[in-house]
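Subject: Structure for you to look at

Hello,

Here is the structure I said I would pass on. Please open it first, then read the notes below with it on your screen.

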Amino acid sequence: MSQEKANEVRASTLPAHGPLDENGREILLSLKNVDITFGKGDSAVRAVQDASFDIYKGETFSLVGESGSGKTTVGRAVIRVNPLAAGEILYKGVRISGKIPRALDREVIRNIQMVFQDPAASLNERATVDYIISEGLYNFHLFENEADRVHKVETMIEEVGLLPEHLTRYPHEFSGGQRQRIGIARAMVMEPELVVADEPISALDVSIRAQVLNLMKKFQEEKQLTYLFIAHDLSVVRFISDRIGVIYKGRIVEVAEADELFNFPLHPYTHSLISAIPIPDPELEKNKVLYTYDPSIHDYSEDKPEFVCIGHDHYVYGNKKEIEEYKAIRDAGVPVKPITIRDPNTPEEKREDDEFSAVAEAEILAHPARDTGSVWYRIFSFLLPILGLIGAVLFRKHNHIRNYKACKGGAIAGFIFLAVILVIFVLLIVLAVI
């Protein structure tokens, strides 16, 4: 095994095919115990922890989780933007993380492309659409002559639903959906095998999202593409994914096929994500019971958790006790009901959202809109400490706590400064008399 690993590290080119798993599926991309850390020392932030999963050739693997969970960080690590603190990333069985030969690096760039979340920020505003799409062709010399380059670019721009005359325009002349189509064209013209799609529809209008998803699906069928689809909208992910990975605070907590995951959401965090999917019916949505995930329900003090397969190609993160419970639920074969609808005719003591509204209202009343604690209050009170104290008293009376603290702090600092000046002045007089 160590010899195989050494061969992986020394590889300078990518093989034609990746390794096969026990079911005969080709593993295109594999993350093994990946850690990604930002910063050093005490200020270091561990953004991704011990992430492991495989992506098979030709499938759409979706990585879902809330904002800040580490989805984009993983995607950027795959395209070699974010370095790893531990673990490794294999592409077709070849390690592509860390320091690799230049020739292999160019092959990875050529074979793995990314479609970014913000179609406006990801395009060069000073370049024409023609140059934006052609840049990869120029860098990797993927055309025989100028006529061949023009043909490839025009063919691609038409495939994404735009016209050849759009090639002479600039990104600011297009709508958000059109810009995203340009970004997709820029990636697809390289003829990649794997595309990392980082929330490609989240910045688009609802009416445009289906068009972009259908476009990506068309390319997948025609070009045998593999997608790592990063998203937080499970209502979309369910219908475009072959398999789904759920990530929480940088840790993969569940991986399964799409239907399997929605029928048997075993990890409580997955349960909470599915329960948050909006229901089109307003009455049902109003009476839906929202399940909130509480990490404190896990006791990992002694029984340490692991990421294990419980059968049915379903992986869950948990300790031995939790894994046994998950297996029992899955072996029973009864689909888990993640969404509960409250009977509107049943009286209840107090709804959770009403309590939240009361707390939010109290918070607003406790901190009025103009209670900003501006630095100018502090400066004014420092220069005129007596007026600053008067202002602090008035702010305190009207519950402007931040402004009160700013005036009070500035006034105290002003009085201290004046006291120091006075002491120095007295000392100078005493020295002059002596």
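**Aromatic rings**

Phe307 is partly exposed, as its relative accessible area is 28%. Keep in mind that the model is predicted.

Tyr315 is also partly exposed, with a relative accessibility of 28%. How many aromatic pairs does a search of the whole structure find? The search finds 10. One of them joins Tyr248 and Tyr269, whose ring centres are 4.5 Å apart, with 50° between the planes, so the pair is classed as tilted. Tyr248 belongs to strand β9 (residues 243–248) and Tyr269 to helix α10 (residues 268–275), so this pair ties together parts that are 21 residues apart in sequence.

Are these two tyrosines buried or exposed? Residues under 20% relative accessible area count as buried. Tyr248 has 14% relative accessibility and is therefore buried. Tyr269 is buried too, at 2%. Phe307 and Tyr315 form an aromatic pair as well, and this one is stacked: the centres are 5.8 Å apart and the planes are at 25°.

Elsewhere, ring pairs link Tyr131, Tyr138 and Phe143 into a cluster.

**Arginines over rings**

Which residue lies over the face of Phe264? It is Arg330, at 4.0 Å from the ring centre. Tyr404 has Arg396 over its face, at 5.4 Å from the ring centre.

**Helix α16**

Tyr404 is also one of the buried residues of α16. This helix covers residues 401–433, which is 33 residues. From its first C-alpha to its last, α16 reaches 48 Å, close to the 48 Å expected at 1.5 Å a residue.

The buried residues of α16 are Ile401, Asn403, Tyr404, Ala406, Cys407, Gly410, Ala411 and Gly414. An α-helix has 3.6 residues a turn, so residues three or four places apart point the same way.

**The largest pocket**

A general point comes first here too. Rolling a probe the size of a water molecule over the atoms shows where empty space is left.

The largest pocket holds about 500 Å³ of space. It is lined by 20 residues, and the closest to its centre are Ile109, Gln113, Phe116, Gly136 and Arg186. Which element gives the most to this lining? That is α4, with six residues. Helix α3, β6 (112–115), α4 (129–140) and α6 (176–188) each supply at least two residues of the lining. Sorted by class, the lining of the largest pocket has 12 nonpolar, six polar and two charged residues.

**The second largest pocket**

The second largest pocket contains about 340 Å³ of space. Its lining is made of 17 residues, and Ser52, Phe53, Asp54, Tyr56 and Tyr315 lie nearest its centre. Tyr315 is the residue that stacks with Phe307. Both β1 (27–38) and β2 (45–56) supply at least two residues of this lining. By class, there are seven nonpolar, three polar and seven charged residues in the lining of the second largest pocket.

**Leu104**

The last item is a residue in helix α3 (residues 102–111), namely Leu104. Leu104 has a relative accessible area of 0%, so it is buried. How far is Leu104 from Leu14 in sequence and in space? The two are 90 residues apart in sequence, and their C-alpha atoms are 7.0 Å apart in space.

Regards

How values were computed. Residues numbered from 1 in each chain as written. Predicted model: local features only at pLDDT ≥ 70, side-chain atom pairs only at ≥ 80, totals over all residues. Heavy atoms only, no water. Helix = DSSP H or I, 4+ residues; strand = E, 2+ residues; numbered from the N terminus. Buried < 20%, exposed > 50% of the residue type's maximum accessible area, 1.4 Å probe, protein only. 1 Å grid on protein atoms, 1.4 Å probe; cavity = no way out; pocket = protein on both sides within 12 Å on 5 of 7 lines; lining within 4 Å. Points joined across faces, edges and corners; volume = space filled by probe spheres on them. Nonpolar A, V, L, I, M, F, W, Y, C, P; charged D, E, K, R; others polar. Phe/Tyr/Trp six-rings, centres within 6.5 Å; stacked < 30°, edge-to-face > 60°. Lys NZ or Arg CZ within 6 Å of the ring centre and 35° of its normal. Expected span 1.5 Å × (residues − 1).
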